[in-house]
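Reader: I am new to reading structures. Can we go through this one by question and answer?

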Amino acid sequence: MATWGYGNDNGPATWVKSFPVAAGTRQSPIDIVPTAAKCDTKLTENPLTVNYSPEPAMELCNPGLSVKANIKSKSVIKGGPLEGEYKLEQFHLHWGSADKQGSEHTLNGKMFPAELHLVHYNATKYSSFGEAVDKPDGLAVFGIFLKISDKPHQGLKSLTDVLSEVQYKDKSINIKQEYNPVCLLPDNINKYWTYLGSLTTPPLCESVTWIVFEEPIEVSEDQMKAFRALCCGECGSAPIVDNYRPPLPLGNRQLRASFQ
Ligand SMILES: NS(=O)(=O)N=C1NCCCN1
Ligand SMILES: [Zn+2]
């Protein structure tokens, strides 16, 4: 069984062969068109709340198509579009081979250089990520755009400074200094768009309530270069770049905004 990826022979256009839900009606990502979003005051009456905890010895790994941090501590979110409490499972990123591309969601057709995903599962209803992953209300993913600035992102720097230690597939390390993922969130988490979608990688389950923040976080060009130096396999293998799925049609879905 050919493994899925982002190349010509195994990329997003081929995934439907092994994962028919790729042709479903609530697929992600989408192009976010702010003027088409409906401002929903219910989202502000019940503000999104984040209660993340410091992660001692956070595990950072290279699974081959991204870089991922696995979370063990009790870091939870609730409110906004969510019913119940969702627990942070992991976070990872998608990025481009150049700054002109890399994000999965787009904003009025514009791609950002990268996009950070913090993946949570509905811990009120389900006992694990694995149980929640294929349920319509199973997951909630924060989508955070990355934009280039002349200053590095301090929260990401603890990770980008050690990416060389997970350069090759299946490498993993523990971040010595305790790490609170709250440092990755934009300053203003009250301005976001939300819609019902899916995982953007196989198995593409239509189980995600997406929450995409309007405010990007700012990273340096050197930090982008560090992501682009990660390898898909062992020494000498191709760099991990352009690991993004292009947008799918919104179709009959409602895109809601927490702000005007
Ligand atoms: N890019 S995404 O939508 O978060 N996709 C995921 N796939 C599998 C596990 C977690 N996330
Ligand atoms: Zn992702």
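Predicted model: local features only at pLDDT ≥ 70, side-chain atom pairs only at ≥ 80, totals over all residues.

Reader: Which residues are the protein donors of the zinc ion (ligand 2)?
Author: Look for atoms lying 2.0 Å from the zinc ion (ligand 2). Along the chain, its donors follow the spacing H-x1-H-x22-H. The protein donors are His92 (NE2), His94 (NE2) and His117 (ND1).

Reader: What is the geometry of the site of the zinc ion (ligand 2)?
Author: Count the donor atoms of the zinc ion (ligand 2): there are four. The angles among them run from 98 to 115°. Four donors count as tetrahedral if all angles lie between 85 and 135 degrees. The site is therefore tetrahedral.

Reader: How many residues apart in sequence are the parts that His94 and His117 tie together?
Author: Both His94 and His117 are buried. Both are also protein donors of the zinc ion (ligand 2). His94 lies in strand β7 (residues 86–95) and His117 in strand β9 (residues 114–122), so the pair ties together parts that are apart in sequence by 23 residues.

Reader: How many disulfides does the structure hold?
Author: A disulfide is a covalent bond between the sulfur atoms of two cysteines. Take Cys61: its closest cysteine sulfur, in Cys232, is 14 Å away, too far for a bond. Cys232 is in no disulfide either, as the nearest cysteine sulfur, that of Cys231, is 7.3 Å away. The number of disulfides in the structure is zero.

Reader: Which side chain of opposite charge is nearest to Glu55?
Author: Glu55 sits in the loop between β3 (49–51) and β4 (58–61). Its contacts, not counting residues up to four places away in sequence, include Asn70, Ser73 and Tyr179. Glu55 is buried yet has no salt bridge. At 4.8 Å, the nearest side chain of opposite charge is that of Lys72.

Reader: How far apart in space are Gln254 and Ala37, C-alpha to C-alpha?
Author: Gln254 lies in the loop between α5 (221–228) and β15 (256–257). Leaving aside neighbours within four places in sequence, Gln254 is in contact with residues including Ala36 and Lys38. In sequence, Gln254 and Ala37 are 217 residues apart. In space, their C-alpha distance is 7.3 Å.

Reader: Which residue forms a salt bridge with Asp40?
Author: Asp40 is buried, with a relative accessible area of 11%. The closest N and O atoms are 3.6 Å apart. The partner of Asp40 is Lys42.

Reader: How many residues apart are Lys191 and Glu214?
Author: Their side chains meet in a salt bridge (3.8 Å, N to O). The pair links distant parts of the chain. Lys191 is in the loop between β11 (172–175) and β12 (192–197), and Glu214 is in the loop between β13 (208–213) and β14 (217–219). The separation is 23 residues.

Reader: How many salt bridges does the count come to?
Author: Another pair is Asp170 and Lys169, with closest N and O atoms 3.8 Å apart. Salt bridges that share partners also join Asp40, Lys42 and Arg256 into one network. The count of salt bridges comes to twelve.

Technical notes: Residues numbered from 1 in each chain as written. Chains lettered and ligands numbered in written order. Heavy atoms only, no water. Donors = N, O, S within 2.8 Å, 3.2 Å for Na, K, Ca; no water. Tetrahedral: all angles 85-135°; square planar, octahedral: opposite > 155°, others 65-115°. Helix = DSSP H or I, 4+ residues; strand = E, 2+ residues; numbered from the N terminus. Buried < 20%, exposed > 50% of the residue type's maximum accessible area, 1.4 Å probe, protein only. Disulfide = S-S within 2.5 Å. Lys, Arg positive; Asp, Glu negative; His and termini not counted. Salt bridge = Lys/Arg side-chain N within 4 Å of Asp/Glu carboxyl O. Contact = heavy atoms within 4.5 Å.
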